[in-house]
Amino acid sequence: MSGPELEKYILEYLRLKGYEKAVDGLETHGVTAPFPERSANGSQEGLQQKLAEELINWAQRTDNNLRGGAGSDTPDKVQAKRINATPLQLGWLEDDLENECARIVEREAAEENGEEDVENMSPSRKQKRQEEETVARKRRSRTIVPAQIPVPLPSEEVKFDMLHSMRSRCHVSENALPSAAMYTFLNVPSRLNTSLLLYDGASIVGGFSDAMIRSFDMDSASERPENPGFNDEQDEPEDVRQGKLLAGHTKAVQSLSWFDEESLMLSGSSDGTIRLWSERLCSNLVVFKGHLFPVWDVDACPRGYYFASASYDSTARVWCTERLDAVRLFAGHQGSVDFVRWHPSCNVVATASSDQSVRLWDVTSGECVRMIPDIKQRITAMEFGPDAKSIYCGHENGQISGYDISKPAQIGQCSAHQGPVWSMAFSRGTGELLATGGDDDTLRLWSATLTQDILKPVKTFTTRATPVQSVFWTNTNLLVAAGSPRINKSITPV
């Protein structure tokens, strides 16, 4: 490639990277680029390399000067300012199933409370009544938004199950901590990559590096013969020890997600496919193809029917269970898209990428409507906040950062774990507690009340040698965590 041809190519590249003002300045402002072949001597190859380096450095300096000095915004920040000017309505779905069931439970509680004698009420009953009123007040203060995409109505069976769970739900806070259970995958034939809780805790499923999905029934797994001579390895049934096998992927299973309202499970794999499973039938129903590289994450829409995927091919996609092709493709990240999450309104999808940015996408138009650039640490976990107007990210260095996505702006950050934060989840209902799992073998609880430091530490649970890879809250607010021990770290007997 000759000098002028390379010069033209690099200038076009710089324009695409966001240095429009620097490139346009060649004509408009009379700025001259330092083309080395005009004065330097040497081989053509050396000139081309020097030309490329000096052009990029020149573009950065010139672009800053034309924008107003060295402290000016980077191209990513300029793009973010343009994107963030887009109007965005955030809130909870208008006909959200949980809100509907909560109103029924509140009416039942009001009828019960109306018949009680407040003066003769016990202290514990008074405290419970105050908690119920607090939860109801917080729920009524939520911002409600209509669905912009067609979402299916939940079945009567699903409504009944949700209502039954909410009647038994415990309100948890820093003054009323939940019960917690830790599931450890032992003696499995390959590395655990992801896990998922099904049927509100009745089953747990793991995705492994040998391309297998294994499902374990908690009732069967907890049953042990009373014979003192019983040997786990020799006498335990194979289906209990190894779980039910779901085979179909050809490479490692990276992510799992669950359709609460349809009793169906999704899996994303390094083979670039997404599979829809019936866990009860132990059968693969559909294979979704479209991504060119590994699928790192999948997330089911809160109302079912739709799901989203994130891939190494720098795209995220939205799918529906009735079509084999994606219905939306989100392109804009400059690196692998590692995480994807549905907003509670079902109108927005969030993605986190290795290009150090988080983006929010309008599902209806497919356009990027929010961008948070220049996140310093790699994101290892992500969840929307309980107010539906914030998003929280766990990082490789153990920190948790929070962002107000309506502006957007960082709320703050805090040190959470001594190592990567692998998972996070907010409690059901008002979301007053945040559970996080980390590589430092701990499960931690935080008060999610927004303060200057975002989170207030409440309690820490420590495992013996197991990183906490996944955390879940059941509909009744039981906290469940899961992980697999490190192979190179011995476990001290109890």
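Two strands are taken to pair if DSSP finds at least two bridges between them, and helices (H or I, at least four residues) and strands (E, at least two) are DSSP runs, numbered from the N terminus. The model is a predicted one, in which local features need pLDDT of at least 70 and side-chain atom pairs count only at pLDDT 80 or more, while totals for chains, interfaces and linings use all residues. Residues are numbered from 1 along each chain as its sequence is written, and side-chain values use heavy atoms, with hydrogens and water left out.

With pairing defined in this way, four strands form an open sheet in the order E24-E25-E26-E27, and their pairing is antiparallel. Strand E24 (421-426) and strand E27 (456-462) are the edge strands, each of which pairs on one side only. Within the sheet, strand E25 (residues 433-438) and strand E26 (residues 442-447) run antiparallel and are joined by five bridges; leucine 433 stands opposite serine 447 in E26.

Helix H4 (residues 75-84) has as its buried residues Pro75, Ala80, Ile83 and Asn84, where buried means under 20% relative accessible area, exposed over 50%, and partly exposed in between (1.4 Å probe, protein chains only). Because these residues cover an arc of only 160° around the axis, they lie on the same side of H4, the arc being that of the directions from the helix axis to the C-beta atoms. The exposed residues Lys81 and Arg82 are carried by the face of H4 turned away from its buried side.

Most residues other than glycine have a negative phi, and most peptide bonds are trans. Asparagine 187, in the loop between strand E3 (180-184) and strand E4 (192-198), has a positive phi near 60°, and this asparagine 187 is exposed, with a relative accessible area of 55%. Asparagine 477, which lies in the loop between strand E28 (470-473) and strand E29 (479-483), also has a positive phi, of about 70°, but asparagine 477 is buried, with a relative accessible area of 4%. The peptide bond from lysine 407 to proline 408 is cis, with omega near -15°, and proline 408 lies in the loop between strand E22 (399-404) and strand E23 (409-415).

A further loop, between strand E13 (306-311) and strand E14 (315-320), holds tyrosine 312, which is partly exposed, with a relative accessible area of 46%.
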